[in-house]
Amino acid sequence: MHRHFIAVVLLAGVTIAPKVAQAATPFELKSVTVTLPDSDRMFPAGPGGDQINGNCLICHSASMVLNQPALRRKVWAAEVDKMIEIYKAPVPPQDVGAIVDYLVNLRGAR
């Protein structure tokens with residue numbers, strides 16, 4: 001029984017050793033360039049337009065938002081919260097309500 005255990009341990013060591021040696025090999029980081037499409041499209045004028053153009057266009061295009069399906073207020077509010085909490089969008093708290101109102105008025109589910 002003891003010999004069997006030793007054989008298993010030795011086999012495991014032989015199997016794992018090359019993988020450990022590979023992990024110790026340094027890897028190389030390479031810079032990449034990404035070209036994003038240009039867009040000068042803004043959100044249409046209206047109440048909250050300044051807030052949405054000033055905050056949301058920092059990260060993505062108006063088209064990305066305007067091509068979304070019509071959503072209920074609760075869902076738009078959750079999307080705005082996600083942008084702030086998860087993606088760390090630097091949206092001032094005083095602009096959040098105007099942005100949600102704007103999205104509901106423009107792309108709200110009826």
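**Helices and loops**

Mentor: Start with H4, where Trp76, Val80 and Ile84 are buried, that is, under 20% relative accessible area, against over 50% for exposed and in between for partly exposed (1.4 Å probe, protein chains only). They cover an arc of only 80° around the axis, taken from the directions from the helix axis to the C-beta atoms, which puts them on the same side of H4.

Trainee: What is this model, and how are residues numbered?

Mentor: This is a predicted model, in which local features need pLDDT of at least 70, side-chain atom pairs count only at pLDDT 80 or more, and totals for chains, interfaces and linings use all residues. Residues are numbered from 1 along each chain as its sequence is written, and side-chain values use heavy atoms, with hydrogens and water left out.

Trainee: How many helices and strands does the chain have?

Mentor: There are five helices and zero strands. Helices (H or I, at least four residues) and strands (E, at least two) are DSSP runs, numbered from the N terminus. Of the 110 residues of the chain, 23% count as buried.

Trainee: Back to H4. What do its buried residues pack against?

Mentor: They pack against helix H3 (62-66) and helix H5 (93-107), where contact means heavy atoms within 4.5 Å. The face of H4 turned away from its buried side carries Lys74 and Glu85, which are exposed.

Trainee: And how far does H4 reach?

Mentor: H4 covers residues 73-85, 13 residues, and reaches 18 Å from its first C-alpha to its last. That is close to the expected 18 Å, the expected span being 1.5 Å times one less than the number of residues.

Trainee: Where is glutamate 79?

Mentor: Glutamate 79 is in helix H4 and is partly exposed, with a relative accessible area of 28%.

Trainee: Which residues of H5 are buried?

Mentor: Asp95, Val96, Ile99, Val100, Tyr102, Leu103 and Val104. The buried residues of H5 pack against H2, H3 and H4.

Trainee: At what angle do H2 and H5 cross?

Mentor: The axes of H2 (residues 49-56) and H5 come within 8 Å and cross at roughly 105°. That makes H2 roughly perpendicular to H5, a label for angles of 65 to 115 degrees. The axes are lines fitted to C-alpha atoms, for helices over the stretch in contact, and angles run from 0 to 180 degrees between N-to-C directions.

Trainee: Which residues meet there?

Mentor: Gly49, Gln51, Ile52, Asn55 and Cys56 in H2 meet Asp95, Ala98, Ile99, Tyr102 and Leu103 in H5. By class, the contact of H2 with H5 has six nonpolar, three polar and one charged residues.

Trainee: Now the loops. Where is leucine 57?

Mentor: Leucine 57 lies in the loop between H2 and H3, and at 26% relative accessibility it counts as partly exposed. Leaving aside neighbours within four places in sequence, leucine 57 is in contact with Arg41, Met42, Phe43, Ile52 and Ala62.

Trainee: And lysine 88, is it buried or exposed?

Mentor: Lysine 88 counts as exposed, at 60% relative accessibility. Lysine 88 is found in the loop between H4 and H5 and has a positive phi of about 60° although it is not a glycine.

Note on methods: Parallel < 35°, antiparallel > 145°, perpendicular 65-115°, else oblique. Nonpolar A, V, L, I, M, F, W, Y, C, P; charged D, E, K, R; others polar.
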